[in-house]
Amino acid sequence: MLISLRNKILQNLVVTTPKLLAIPSQFVPFSVQQKCLHSIISSIFKEAIEDGDLAFLEGKWLKVTVTDLKLTWFISFDQHIIVKDKTTHTDVSFSATMNDLILVAGRKEDPDTLFFQRRLNIQGDTELGLEVKNLLDNIEFDQLSPLIEKMIVTLSDLVKIGVTKQALPNTEALNIKI
């Protein structure tokens with residue numbers, strides 16, 4: 001009974017959180033979004049930037065949309081990460097819900113699986129989209145601070161359980177309290 005109740009609470013939380021965040025997210029100034037995204041992307045892809053692995057994005061624009069939050073960013077690379085709120089041209093676009101993007105970030109779902117389930121939409125330059133997808137597949141957690149890594153893993157574990165309606169595992173194993 002208690003596990004069933006915890007499962008329902010978690011499932012409702014996973015489903016309703018994006019809806020609750022949709023309105024306030026519209027009021028976050030783009031300059032704040034830009035600074036946060038730039039910092040996050042630069043941190044996650046620090047090694048890839050240093051190794052020149054983002055050169056394929058030079059002069060190209062990636063559009064990323066979090067559909068349920070109604071947030072869109074345009075990302076490019078020219079010696080450093082560029083994040084804009086508008087551009088006149090998009091080479092490839094990725095769109096998904098907040099929960100699906102969390103699952104990809106935490107490696108709980110493969111981008112290919114989400115694509116074939118029509119939960120990750122990729123449009124535009126196929127070759128560029130494949131390079132971006134491969135870059136996402138190769139994210140190394142060891143480049144992140146232990147706190148950020150733990151946060152991503154825990155959040156993606158919770159989302160995975162919530163969206164799949166699995167039985168909630170021992171919360172002690174996740175190091176969370178519900």
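**View 1. L120 and the residues it touches.** Not counting residues up to four places away in sequence, L120 touches F94, S95, A96, P111, L114 and F115, where contact means heavy atoms within 4.5 Å. This is a predicted model, so local features need pLDDT of at least 70 and side-chain atom pairs count only at pLDDT 80 or more, while totals for chains, interfaces and linings use all residues. Residues are numbered from 1 along each chain as its sequence is written, and side-chain values use heavy atoms, with hydrogens and water left out. L120 sits in strand β5, residues 120-124; strands (E, at least two residues) and helices (H or I, at least four) are DSSP runs, numbered from the N terminus. With a relative accessibility of 6%, L120 counts as buried (buried is under 20% relative accessible area, exposed over 50%, partly exposed in between, with a 1.4 Å probe and protein chains only). Along the chain, L120 and F94 are 26 residues apart, yet their C-alpha atoms are separated by 6.9 Å.

**View 2. I82 in strand β3.** Here we look at I82, which belongs to β3. I82 is partly exposed, at 22% relative accessibility. Setting aside neighbours within four places in sequence, I82 is in contact with W61, F74, I75, S76 and F77. E58 is 24 residues from I82 along the chain, and the two C-alpha atoms are separated by 10.0 Å.

**View 3. Two loop residues with positive phi.** K70 sits in the loop between β1 (62-66) and β2 (71-77). Its phi is near 55 degrees, a positive value in a residue other than glycine. K70 counts as exposed, with 59% relative accessibility. Now slide along to Q79, in the loop between β2 and β3 (81-84). Q79 isn't a glycine either, but has a positive phi of about 70 degrees. Its relative accessible area is 62%, so Q79 is exposed.

**View 4. Where α4 meets α7.** Helix α4 (residues 98-105) packs against α7 at an angle of about 125 degrees, and their axes are 8 Å apart. Axes are lines fitted to C-alpha atoms, for helices over the stretch in contact, and angles run from 0 to 180 degrees between N-to-C directions. That angle makes α4 oblique to α7 (under 35 degrees is roughly parallel, over 145 roughly antiparallel, 65 to 115 roughly perpendicular, and the rest oblique). On the α4 side, the contact is made by N99, I102, L103 and A105; α7 brings I152, L155, S156, V159, K160 and V163. Sorted by type, the contact residues come out as seven nonpolar, two polar and one charged. For that tally, Ala, Val, Leu, Ile, Met, Phe, Trp, Tyr, Cys and Pro count as nonpolar, Asp, Glu, Lys and Arg as charged, and the others, Gly among them, as polar.

**View 5. D100 and D157, one aspartate in each helix.** D100 lies in α4, and D157 is found in α7, residues 146-164. D100 is buried at 6% relative accessibility, and D157 is buried too, with a relative accessible area of 18%. The pair are 57 residues apart along the chain, with their C-alpha atoms separated by 12 Å. Apart from neighbours within four places in sequence, D100 is in contact with L114 and R119.
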